[in-house]
Amino acid sequence: MNNSYHDLVHQTFDFPQEGLAVKDNNLIFNGLDIKKLIDKYGTPFKLTYLPKIGQQVAKAKKMFNDAIKKHRYEGSYYYCYCTKSSHFSFIVEETLKHGVHLETSFAYDIELIKQLYRRRKITKDVRIVCNGFKTRQYTKNISQLINAGFKNVIPVLDNKAEFDDYKKSIRAKDPVNIGIRIATNEEPTFDFYTSRLGINNREILEFYVDQIKGNTKFNLKMLHFFMNKGIKDDIYYWSELNKVLNLYCQLKKICPELDSLNIGGGFPIKHSLAFNYDYNYMINEIVSNIKSVCKKNKVAVPDIYTEFGSYTVGESGAVIYGVLDEKQQNDREIWYMIDSSFITTLPDTWGIGEKFLMLPINGWDREYQEVHLGGLTCDSHDFYTSEEHINAVFLPKNIKSEGPLYIGFFHTGAYQDQLAGYGGIKHCMIPSPKHVVVEYDKNGELEDWLYAKEQTAQSMLKLLGYIR
Ligand SMILES: Cc1ncc(COP(=O)(O)O)c(C=O)c1O
């Protein structure tokens, strides 16, 4: 038979791929037999494969450091992890084991930092880049951290007024390093032109001269920019980078303390077996572009910072569902009903039409058919019907005659729990699924453990005020 699901994948893509293979018609994800985890824990469940995080960090650090060497770039590279992509302690602590620095987005992040310090996961030397539009509470918490002796906190000004808060509340003996976020322009297909985040490029030089230059309490150390669409090899990315570099060079001539360029997050990850992104090429281009603009302007190159979220944790995560039933609603449309909800477990699929890598866990020897995937909520938008590379979803057939089918959405480790409100009230009260973590034990063997059980009705009734 050459119309099995396995054949379809082989005809369409290069397969197996890094971290994805098939054994005995079951999917193997990073060496894990997912079917065995299903037999042990039951579906639905979220999965975190922790070793992937260290692999991603090491890969990026190596590529940046290789590019630095190749281009004889006289600056250093700093990898920051942006906590907002997954705040779970076991995730953040895993990133820290691989020598990352941190980026924060909100006042509560600073509480998270304090807790990491209490738990001896970080020292006061860790670099902490504080981004985001700052509330009073956030600037107060950042100032507290600096006043408590955290030496490498870099508040990045999102607007000019934010600076007044630090002038009032920071009491450090040594000058404090600050950054400025440059408001970027997005490509024309985006919903707006200039980002609401950051300070307009044209106003920064004047702001520096009027407000920061000559203030002995503060040094302008960093320029920051982040393109919402990510780091892409297109004209918009390169032209924004170029604008930022020109501003860096202009400023550097009058601000010798400026020595860092933060290029934000935005490395894409694999959302389809057709994914083909040349990280190495992009990194080399970025490093060589920075060097050549600085050389032309006769200024020293900056240290390079990144704050990768999706790239750090995305590929460590998966959500595994069982198919509860098959419903044929007309001549063409067959629905596979999953045992959870896309809206509540993968909200980006619903909110911004995000696609994730979707594959069956078992049944790779069965024939396939086009299906619509439906979630358990009553919301008509709780569905998944197309993939990144094709406007359709294909899965193995015959779930009634050939036995249950399980499916996995892979590389879902960034933002989904944060957006869904992990453990909170959910649409139609569909619970947060159990969460299984896989990591290496002391003997170098992979072990799995349950981080959280499925959310209970009781926990929701409590939040809703039925139980006090
Ligand atoms: C300032 C900033 N840095 C880093 C990130 C992380 O982006 P990504 O997850 O695409 O790497 C974001 C995401 O919104 C951001 O706003």
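Three elements each supply at least two residues of its lining: strand β4, residues 45-49, strand β14, residues 317-328, and helix α14. Keep in mind that this is a predicted model.

How many residues line this cavity? The lining has 17 residues. Nearest the centre lie Thr-48, Thr-412, Gly-413, Asp-417 and His-435. By type, the lining divides into 5 nonpolar, 10 polar and 2 charged residues. The space inside is about 140 Å³. A search of the whole structure finds 1 cavity of 30 Å³ or more.

The largest pocket holds about 1,500 Å³ of space. Helices α11, residues 310-313, and α14, residues 416-420, are the elements that give two or more residues to its lining. In total, 44 residues line the largest pocket. Which of them lie nearest its centre? Those are Phe-226, Asn-228, Lys-229, Ser-310 and Tyr-415. The lining divides into 17 nonpolar, 15 polar and 12 charged residues.

Next, the aromatic rings. A ring pair is described by the distance of the centres and the angle of the planes. The count here comes to 36 aromatic pairs. Take Tyr-41 and Phe-45. Their centres are 6.4 Å apart, with 55° between the planes, and the pair is tilted. Is Tyr-41 buried or exposed? Tyr-41 counts as buried, because its relative accessibility is 16% and the cut-off for buried is under 20%. Phe-45 is at 0%, so Phe-45 counts as buried too.

Now a second pair, Phe-163 and Phe-207. The ring centres are 6.2 Å apart and the planes stand at 80°, so this pair is edge-to-face. Where do the two residues sit? Phe-163 is in helix α7, residues 162-169, and Phe-207 is in helix α8, residues 201-212. They are 44 residues apart, and the pair links distant parts of the chain. Both Phe-163 and Phe-207 are buried.

Some rings join into a cluster. Ring pairs link Phe-64, Tyr-77, Tyr-79, Phe-267, Phe-275, Tyr-277, Tyr-279, Phe-308 and Tyr-311.

Charges meet rings as well. Arg-127 lies over the face of Tyr-78, at 4.1 Å from the ring centre. Lys-355 has its charged end over the ring of Tyr-384, 5.3 Å from the centre of that ring.

Find Ser-340 in the loop between strand β15, residues 334-338, and helix α12, residues 342-345. Why does Ser-340 count as buried? Its relative accessible area is 1%, and buried means under 20%. What is Ser-340 in contact with, leaving aside neighbours within four places in sequence? Its contacts are Pro-44, Tyr-321, Thr-345, Gly-375, Leu-376 and Ile-430.

Then Asn-3. Asn-3 lies in the segment before helix α1, residues 5-12. With a relative accessible area of 33%, Asn-3 is partly exposed, because that class lies between the 20% and 50% cut-offs. Not counting residues up to four places away in sequence, Asn-3 touches Arg-366, Glu-367 and Tyr-368. Now look across to Lys-253, 250 residues from Asn-3 along the chain. The C-alpha atoms of Asn-3 and Lys-253 are separated by 65 Å.

Technical notes: Residues numbered from 1 in each chain as written. Predicted model: local features only at pLDDT ≥ 70, side-chain atom pairs only at ≥ 80, totals over all residues. Heavy atoms only, no water. 1 Å grid on protein atoms, 1.4 Å probe; cavity = no way out; pocket = protein on both sides within 12 Å on 5 of 7 lines; lining within 4 Å. Points joined across faces, edges and corners; volume = space filled by probe spheres on them. Helix = DSSP H or I, 4+ residues; strand = E, 2+ residues; numbered from the N terminus. Nonpolar A, V, L, I, M, F, W, Y, C, P; charged D, E, K, R; others polar. Phe/Tyr/Trp six-rings, centres within 6.5 Å; stacked < 30°, edge-to-face > 60°. Buried < 20%, exposed > 50% of the residue type's maximum accessible area, 1.4 Å probe, protein only. Lys NZ or Arg CZ within 6 Å of the ring centre and 35° of its normal. Contact = heavy atoms within 4.5 Å.
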